[in-house]
Amino acid sequence: MNDMKKYYLCGPTVYNYPHIGNLRPTVTFDIIIRAKRYLKDEIFYLNNITDIDDKIIKKAKQENKTEAEISKKYEDYYLSLFDTFNLEKPNKIVRVTDSLEDIYQYIKKMLDNGAAYQVGGNVFFDVKKFSNIYGNISHQKIENLVAEEDSSLDLKKKNLVDFTLWKDTNEGIKFSSPFGMGRPGWHTECSCFIAKYFDGESIDLHGGGIDLIFPHHENENIQHYAIYSKPIAKNWMHFGTLNYKNQKMSKSIGNIIFPHDFLKSYDVDTYKLLILTTNYTKPINLTDELLQSIQSIINKFQLISNKYQLRENNYQSDKKKIEEVISYVSNLNFALAYKEIMKLSKNENETQTFLEIMSILGFIFPNKKLSENDKKIFYDWQRLLKNKDYEKADLLRDILKEKKLI
């Protein structure tokens, strides 16, 4: 894997449907990876699923089900989104419950080298031993970085900032480990997977929501550093939130939009184009007006594609322009890419170039092929117009407009 770029994206904790804000990192990663692969980058993309967690345990109790039933339901939903949204599957998706032995060995390394300590059935990371490194990801001083964990564990820790690698618990499912019955700490899972699948190397790109910078990514990094004396990642991508009507999506406010609800009103491509309108770090404030406006652009794009299929076209694609626009995406310059895409969409001579770019980036509309029946209606309409049979032509025109063919 020496020449292959190593990418990791923090996956979901499967206790509920992800909302469309949660989906932003996954969809953006897909667009970027498609662009880089087109430009001949080799990428190994690793993604995880947290299928045991306090939130899953709580949901299982509420619904009187097992944790496995809850996690399976929402994992299946998450995985189905790769097909629904036309996303390329990661090279590897790894579950926590399939990786417990790896996690034990990973924690043991930190115990053996003194980076962690055990109190009863709990294992904690000794943050103060790395006070010159801890805080590098969030760019804060260690004294400002007390994570909110289970406060009942505070008295057992050497320092309040120390975080849990293995948790002794009486609540929910427990696993037998060398440290006692319990379950792994969330921050240890991702760093363990990165260490295992990338042989302890610093990966090229680590992605996740902006709210994961602290404590999650800070804690991932310090564990990797404690074992391998190097940072966990060379580059980070922290994705901005999707807000709805000026408020962050949250269950308590009740302003969450799930993918299946979003798709009742809008296309998959509408979501993808939305992603390209803004720098990935910036929040996007969704309004119904914004979404309708982007949907209308996608409708125009579909019309361009349909018209292109209905006419005899001899346009050649501009490979240099394709590479230029794809390079903008690869280099995370979404604003320039979006500007060029809009410009190309308005130039009929550039239609083939435009459609190829959008297909490379994973948009669905360029690959929707018209049926023979649709083509027949279009050609019948043209024949009726030529014969000046306007009454019958108008009936077909209405059908064509409904199908976004004219």
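Is C190 buried or exposed, and what is its relative accessible area? C190 is buried, at a relative accessible area of 1%; buried here means under 20%, exposed over 50%, and partly exposed in between, with a 1.4 Å probe and protein chains only.

Before going further, some ground rules. This is a predicted model, so local features need pLDDT of at least 70 and side-chain atom pairs count only at pLDDT 80 or more, while totals for chains, interfaces and linings use all residues. Residues are numbered from 1 along each chain as its sequence is written, and side-chain values use heavy atoms, leaving out hydrogens and water.

**The cysteines**

A disulfide is a covalent bond between the sulfur atoms of two cysteines. The cut-off used for one is a pair of cysteine sulfur atoms within 2.5 Å. Searching the whole structure turns up zero disulfides. Here is how two of the cysteines look:

| Cysteine | Nearest cysteine sulfur | Distance | Relative accessible area |
|---|---|---|---|
| C190 | C10 | 3.9 Å | 1% |
| C192 | C190 | 9.8 Å | 2% |

Why is C190 in no disulfide? The sulfur of C10, the nearest cysteine sulfur, is 3.9 Å away, and a disulfide needs the two sulfurs within 2.5 Å. C192 is buried too.

**The whole chain**

Zooming out, the chain has 14 helices and 13 strands. Both are DSSP runs numbered from the N terminus: helices are H or I with at least four residues, strands are E with at least two. The C-alpha trace spans about 90 × 50 × 35 Å along its principal axes. Of the 406 residues, 53% are buried. Take the contacts (heavy atoms within 4.5 Å) with a separation of 6 or more: 75% of them link residues 24 or more positions apart.

Five strands make an open, antiparallel sheet in the order 4-5-6-8-7. For two strands to count as paired, DSSP has to find at least two bridges between them. Strand 4 and strand 7 (175-177) sit at the edges, each pairing on one side only. From one strand to the next, the twist averages 35°.

Start at the strand 4 end. Strand 4 (residues 116-119) runs antiparallel to strand 5 (residues 122-125), and four bridges join them. The hairpin they form has two residues between the strands, and G120 takes a positive phi near 65° there.

**Two helix spots**

Helix 4 (residues 100-112) and helix 6 (residues 213-228) have axes that come within 9 Å and cross at roughly 65°. Those axes are lines fitted to C-alpha atoms over the stretch in contact, with angles from 0 to 180 degrees between N-to-C directions. Which residues of the two helices meet? Y106, K109 and M110 from helix 4 meet Q223, H224, I227 and Y228 from helix 6. By class, that contact has four nonpolar residues, two polar and one charged.

Over in helix 14 (residues 390-402) sits L396. L396 counts as buried, at 18% relative accessibility. Leaving out residues up to four places away in sequence, L396 touches I377, D380, W381 and L384. Between L396 and I377, the C-alpha to C-alpha distance is 6.8 Å, across 19 residues of sequence.

Definitions and conventions: Ala, Val, Leu, Ile, Met, Phe, Trp, Tyr, Cys and Pro count as nonpolar, Asp, Glu, Lys and Arg as charged, and the others, Gly among them, as polar.
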